[in-house]
Structure formats: structure tokens, C-alpha cells
Amino acid sequence: MFATLQEIARTSEVRLEAESVVEALEQLVTMHAKLLPEIFEDFEQRKLKQRVKVMVNGTDMDYLDGIRTKLKDGDRVAVFPVVAGG
Amino acid sequence: MRNSRDFGNRAESKCFPEHIQSPVFPGISPCVSGNLFRKKRFYSYTGGESTAKILRVDMNKLKATCEDVPDKWKNLGGRALTSSIVAEEVPADCHPLGPNNKLVFAPGIVTGTSAPSSGRISVGGKSPLTGGIKEANAGSSFAQKLAKLGIKAIIVQGQAKDKCYLLNIAKGKREFLDASPWMGRGLYEAYAQLMEKFGKDAAICSTGIAGEISGAAAGVAFNDIEGMPSRYAGRGGLGAVMATRGLKFIVVDDEGGPGVEIADKEIFKAGTKKLVAALHEHAITKPGGTLSSYGTDALINVINEAGALPHRNFSSGYDELAPLVSGEKKAETIKKRGGERPHVCSPGCIIQCSEVWVKEGGKDPVGVLEYESVWALGPNCGIYNLDDVGELNRACNDLGVDTIEMGDTIAVAMEGGVAKFGDGKRAIELMDEIRRKTPLGRILANGTEFTGKAFGVTRVPTVKGQGLPAYDPRPIKGIGVTYATTPMGADHTAGYAIAPEILGVGGKADPLDTKKADLSRGLQQATAFIDTSGYCLFTAFAIMDIPSGMEGMVESCNGVLGTNWSVQDAVNLGAKVLATERKFNKAAGFTKAHDRLAEFFKHEPLPPKNVVYDVPDAELDKVYPD
């Protein structure tokens with residue numbers, strides 16, 4: 001987790017056992033309830049906020065299977081709010 | 001003249017085919033109807049006779065005289081104006097450090113008005129680093145004061161024979177003072193003394209020690225709001241062009257100046273209101289958004305995670321140590337030490353991405369540590385210590401060198417055995433070689449490519465002789481297309497494909513897709529307009545996603561100039577600027593062979609994704625098929 005998500009969770013990294021991205025995110029917001037409105041637009045529908053970016057091993061999940069992307073042991077999932085610079 | 005007369009006519013070509021929407025301005029189709037898009041005469045000046053002048057500074061005669069602005073340049077500012085003047089007045093085949101080059105300063109169209117985040121100044125000339133045309137820009141009160149004084153551009157020409165000078169400009173006053181006492185002195189000390197001499201409201205521009213030794217990595221420094229030399233038109237060696245004119249400083253006082261004329265105050269006000277609303281709405285630029293919370297350095301983690309943050313001279317795209325120099329870490333440290341964040345680079349900025357980095361105990365303020373500077377002087381040199389990065393950044397500001405070029409240079413020197421990767425203390429010692437003007441310092445002050453040749457290094461990350469910025473192009477293809485094809489040499493700001501490729505701003509594009517010619521071209525054109533307008537390029541994050549913001553930006557320019565430009569006209573103006581710049585470069589000897597990345601990107605896979613740069617040359621040539 002990075003930027004505001006890191007500040008809210010007061011940690012940058014958690015270890016989870018999950019079979020997919022959506023399962024990992026569900027576990028994450030269960031562990032840190034304050035992250036739920038930062039990550040999910042509609043939790044019931046499992047719809048992410050528009051600008052939340054999720055990478056799996058450095059690849060944007062939108063170019064994999066989106067929120068349903070399968071995970072395997074050792075995978076690294078990075079979650080960012082929108083950031084920019086130059 | 002070369003090309004600038006073309007600005008008087010409406011361009012026929014469109015940037016994007018009719019059937020697609022602009023990747024730069026999603027939601028805006030070219031030439032749609034509506035108040036902003038009505039088709040009338042474009043680029044026409046209807047605001048009456050302007051009193052703004054061009055100040056021509058002849059260093060041969062030590063004379064500075066005001067000239068009327070020719071009609072062909074009346075509607076230009078910033079980059080469009082510097083590039084038009086350079087293209088018309090500088091022989092493309094001249095030596096950049098010789099008598100025939102000129103240095104041009106131009107505030108943007110809306111700079112000096114109440115328009116938000118618009119304190120930008122463009123600096124232009126023939127680059128000693130690339131050998132082509134150069135525009136570098138910075139945010140500083142210097143830009144606003146120049147505009148408020150009624151100066152649309154300064155053209156510095158000739159070369160003082162005996163010594164170097166300080167040009168002091170105020171209402172009705174233009175005097176040359178001997179700047180010799182500041183030769184060989186650091187700019188932090190010099191700016192403090194000049195602020196004492198001319199008053200704390202004075203604005204200062206300068207070249208440093210690196211310029212004094214004609215270093216092609218020398219930038220042009222401007223004051224920040226604390227009066228420190230931390231705002232830079234850094235790229236391309238224009239500091240050396242300034243120094244070889246015999247000009248060390250320009251000091252500006254705008255008291256009693258006429259201010260910037262606004263042809264239609266209602267349109268201007270309506271335009272700026274729309275732009276402010278967009279900047280306040282967008283998650284990146286709004287108060288408390290990521291830019292004001294973490295600064296530009298918030299990108300360290302995201303680009304590292306994407307496997308595209310160059311480490312140890314572009315040998316890897318990821319390192320687990322990167323968070324130690326991230327925006328998050330920096331913001332936390334600044335808060336603890338009593339520095340400042342958020343902060344502005346110039347009065348009137350509502351984005352506030354800047355900061356004041358300080359040492360332990362709040363001592364020795366440096367100014368801002370930008371993402372590019374932190375990367376260049378940090379991970380690219382294997383350095384993951386913010387205090388070392390801060391001291392290297394201080395040294396760059398003090399000596400007057402571009403942080404990106406210097407980071408690439410030190411990394412190449414490390415590759416060549418001059419120092420070990422990760423040795424921050426040795427890197428600081430190398431900067432001292434420049435201060436002492438030693439032979440090694442003179443090599444380093446000439447930049448990445450020069451240093452690579454001196455030490456027999458073949459992994460030299462440059463395009464047209466200019467060092468690459470903080471995004472490895474192997475896993476992000478579009479930014480590589482911009483690096484290769486912009487007239488500026490490797491420059492991320494020239495067409496920031498990172499926004500759609502990584503950040504999901506201004507649309508979305510797969511970073512590994514190699515078909516990026518149209519994307520890069522569109523971004524380069526839009527950027528050339530923003531660099532002309534005087535607005536900070538970071539306004540683009542909001543206006544790429546919020547169409548009314550872009551409309552407001554163009555309307556505010558119309559309000560100042562009395563023009564009736566549409567959004568498409570603005571993009572067309574950007575295209576004309578690029579055509580002017582490319583024509584200059586062609587005359588200077590550039591061919592398609594120069595629109596290429598350094599060779600190693602094609603055959604050295606970048607870990608952890610282990611990809612090479614595989615955009616075909618034919619795709620690169622599609623950006624500018626002329």
C-alpha cells in the first residue's frame with residue numbers, strides 16, 4: 001500500500017493468503033476498515049473506486065483479469081490511490 | 001524568418017483523425033460546436049495596441065533596448081515565442097557557445113495575471129548538450145515580475161569581452177553591474193547577498209559555476225519564494241549559453257510596472273474560474289491531493305512497482321530499497337524535521353507540489369527535492385539515503401547544473417569506475433570537482449554522453465545527447481517514443497505518456513503496446529501549447545480528465561490576447577511550435593537517425609520484467625513523417 005492508503009493503514013505491507021485480487025482486497029479492508037471507502041466504490045458489487053490502481057507483480061490488473069486475477073504463492077499486489085508527478 | 005509567420009494562419013490539419021477522440025482531451029472531439037469552439041478567425045489579435053515589449057540585450061555593447069513586438073509574435077508566449085525567436089534569429093549551424101547563439105527568455109501568455117499555477121518562464125537557445133533547439137522552463141516569481149513589467153521576451157545576444165555582468169531591470173531602468181565578485185561562488189551564497197542588495201522581493205535568474213566552465217549540463221537557475229536558487233530551467237545546457245554571453249545574473253523588480261494587459265476581462269475571468277474548479281476537483285491537483293501531500297516524488301513507489309524505475313545506471317527497473325527515498329518517506333521526514341510541505345514554487349500556485357527539504361533539526365534548507373532529482377541522484381546512482389540525495393541536490397542548485405543530467409552523469413561515471421554505486425559521499429565529492437573546476441569536474445559538467453566517452457562506458461542513456469529522465473522506456477513504450485522523437489532530446493515533459501500508460505490519467509494505454517506514435521504526437525502537441533500558455537504542466541493532470549478545465553485554460557488565453565481560439569486551435573498551435581523546432585533541428589543536421597534511443601535499450605533486457613525496447617523504427621518515424 002502506498003501514499004494515503006499507507007498512512008491510513010499505518011503500515012505499508014501485509015501478508016495475506018488469497019486466491020485472487022478481489023479476495024486479497026476483501027481481506028485487506030477487513031483488517032483495516034478505514035481503507036474500505038478509499039478502495040471500494042461499492043463493496044457489495046465489489047466495484048473499486050475509479051482511480052485506485054492495483055498491480056500484480058508490476059502489471060496493472062486491468063491488463064490481466066482485473067479484480068478476478070488469480071494469485072499464486074509469493075505474488076506481490078500493490079495498491080495505490082491516484083498519484084502523479086513528473 | 002523561418003516558421004513563425006505561420007502562426008498567423010489557421011492550420012488546416014487536425015491533430016487527431018475525426019473518428020477518434022483526442023487521447024489528450026478525452027470527451028472533447030476536435031472542433032465541436034459551442035461557445036469555445038466557434039469557427040472564426042483564429043490567432044488574430046483583437047486586443048488593441050499592446051504596450052508589451054521585447055527587451056534586446058546586446059552584450060557586445062552592454063546595451064539593453066526595448067523593441068515593439070512584431071505582429072507575428074503578439075499572440076505568442078513561453079515556448080512558442082522562444083522557439084520562434086531562436087528559429088528566426090539563431091543560425092541553426094552556429095556553435096552553441098559561440099558569438100551567434102542567443103538566449104531568449106519569455107513568460108507564458110497568462111503569466112503575471114491572476115490565472116492559477118501560471119508562474120512559468122521559458123528559456124530558449126541552441127543547446128550545447130543536444131546541438132538542437134532547446135526550450136527549458138521553470139516556475140518562479142521571476143516570470144511573473146518580468147511579465148508585470150511589460151516585458152514579453154528578453155533576447156540576449158553577443159558576448160561581453162572583458163568580464164561577466166549582472167543586468168538589473170526595473171521600471172525605466174536597465175543597468176549592467178560587474179558580476180565578477182560572484183565568479184566561482186556558489187549560488188546559495190550569491191542569491192542571499194543579492195537579496196540583501198536588491199531587496200527580498202527581487203527576482204533573480206543566473207548561471208552558476210558549471211556555466212562558467214561552459215558545462216553542457218549547466219542550467220539556468222531562478223529564485224524560489226524563499227530566495228534560494230532551487231527553481232531551474234535545467235535541461236540542455238542553457239546555463240552555459242548564458243555564461244558565454246558574459247551574463248551571470250538578471251535581477252528584476254516589477255514595482256510600478258504596467259502589469260499584464262487583459263483584452264477581455266470577462267472571458268479571462270470565466271476561463272480561470274473553470275480551470276480553478278477543475279484543479280480543485282481532480283484528486284491529483286486538489287488541496288490535500290497527492291501532489292500537495294507527497295510532492296512529485298510520490299511516483300518513486302509506483303514506477304518502482306511497475307518495474308520501470310531505473311536503478312544503477314538503467315540496469316534494473318525495481319529495487320526493494322526504493323521506498324527509502326519515496327515521497328511518502330520524504331513527506332514524513334519533512335514533517336518531523338520542520339521543513340515545509342505543501343509549498344509553492346511561485347506566488348498564485350494552487351497545486352502546491354513544492355516543499356522545503358531540510359537537514360536534521362530543520363537546518364540548511366535546500367528547496368524542493370523533485371521526483372526526477374531524487375531518482376537521478378538516488379536510485380539511478382544506487383543511493384537510497386534522502387540526506388545524501390538532499391546534499392547532492394543542494395550541490396546541483398549551488399553549482400548551477402541540471403539534476404537529471406547530473407544524476408545520469410554520476411551513474412555513468414560510477415559505471416566507468418570513478419566511484420562505486422551507492423557511495424553517496426563519493427558522489428558529493430564528485431560535485432566538488434566541478435566546484436574546483438578540475439579536469440574531472442569539467443568532464444562531469446559536460447553531461448552524460450561526454451562522461452560516457454571519457455570513461456569508455458557503452459550503457460549511456462541518452463537521446464540527442466541528453467540524459468534520460470526517471471522512466472525506463474523498456475517496460476513503458478510510449479514514453480520512449482517521446483524521448484526519441486521530441487525535438488528536445490530525451491525529455492519526459494515533452495509528451496508525458498506516463499499519464500495514460502501508468503497513472504490512468506487522460507485515458508488508459510497498455511504500457512507494453514508498441515503502437516504509440518499517435519499518442520506521443522498528440523501529447524507533444526498539447527504540451528507545446530501548455531508550455532506556451534504559461535500554465536504549469538501539472539495542470540494537465542486535471543484538464544486531461546475534466547474537459548471544462550481545458551476549455552477554461554484556452555478561454556483564459558483568449559481573454560488575455562483577445563483571440564478566439566478553440567481547444568483544437570490550441571493543439572494546432574502546439575503542432576506549429578513543434579514544426580518550427582524540427583525545422584531548426586533539420587537545418588542543424590538532425591535526421592531520423594537522431595530520433596532513436598541509445599542502442600543498449602534494444603538488446604539489454606531490463607529486470608524484473610526482462611523486456612527490451614521493441615518499438616519498431618517505423619513506428620518512431622510515424623510521429624513526424626516529414
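In what order do the six strands of the open sheet in chain B sit? Reading across, the order is 8-7-12-9-10-11, and the pairing is mixed. Keep in mind that this is a predicted model.

Strands of a sheet can pair either parallel or antiparallel, through backbone hydrogen bonds. At the edges of this one you'll find strand 8 and strand 11 of chain B, each with pairing on one side only. Going from one strand to the next, the twist averages 20°.

Here are the strands of chain B with their residue ranges:

| Strand (chain B) | Residues |
|---|---|
| Strand 8 | 173-178 |
| Strand 9 | 203-206 |
| Strand 10 | 220-222 |
| Strand 11 | 231-233 |
| Strand 12 | 247-252 |

Take a look at strands 9 and 10 of chain B: they run antiparallel and are joined by two bridges. B:Cys205 has B:Phe222, in strand 10 of chain B, as its bridge partner. Helix 2 of chain B (residues 141-148) packs on the sheet, where it touches strand 9, strand 10 and strand 12 of chain B. The direction of helix 2 makes about 110° with that of strand 9 of chain B.

Now for a helix pair. Helix 1 (residues 78-89) and helix 21 (residues 567-587) of chain B pack with axes 10 Å apart, at an angle of about 30°. That angle is under 35 degrees, so helix 1 and helix 21 of chain B count as roughly parallel to each other. The crossing of helix 1 past helix 21 of chain B is left-handed.

Who meets whom? On the helix 1 side of chain B, the residues include B:Arg79, B:Ser83 and B:Val86, while helix 21 of chain B brings, among others, B:Leu578, B:Glu581 and B:Phe584. Sorted by type, the residues of this contact are six nonpolar, three polar and two charged.

Note on methods. Residues are numbered from 1 along each chain as its sequence is written. Chains are lettered from A and ligands numbered from 1 in the order in which they are written. This is a predicted model: local features need pLDDT of at least 70, side-chain atom pairs count only at pLDDT 80 or more; totals for chains, interfaces and linings use all residues. Side-chain values use heavy atoms; hydrogens and water are left out. Two strands pair if DSSP finds at least two bridges between them. Helices (H or I, at least four residues) and strands (E, at least two) are DSSP runs, numbered from the N terminus. Axes are lines fitted to C-alpha atoms, for helices over the stretch in contact, and angles run from 0 to 180 degrees between N-to-C directions. Contact means heavy atoms within 4.5 Å. Angles under 35 degrees count as roughly parallel, over 145 as roughly antiparallel, 65 to 115 as roughly perpendicular and the rest as oblique. A crossing is left-handed if the near helix is turned anticlockwise from the far one by less than a right angle, and right-handed if clockwise. Ala, Val, Leu, Ile, Met, Phe, Trp, Tyr, Cys and Pro count as nonpolar, Asp, Glu, Lys and Arg as charged, and the others, Gly among them, as polar.
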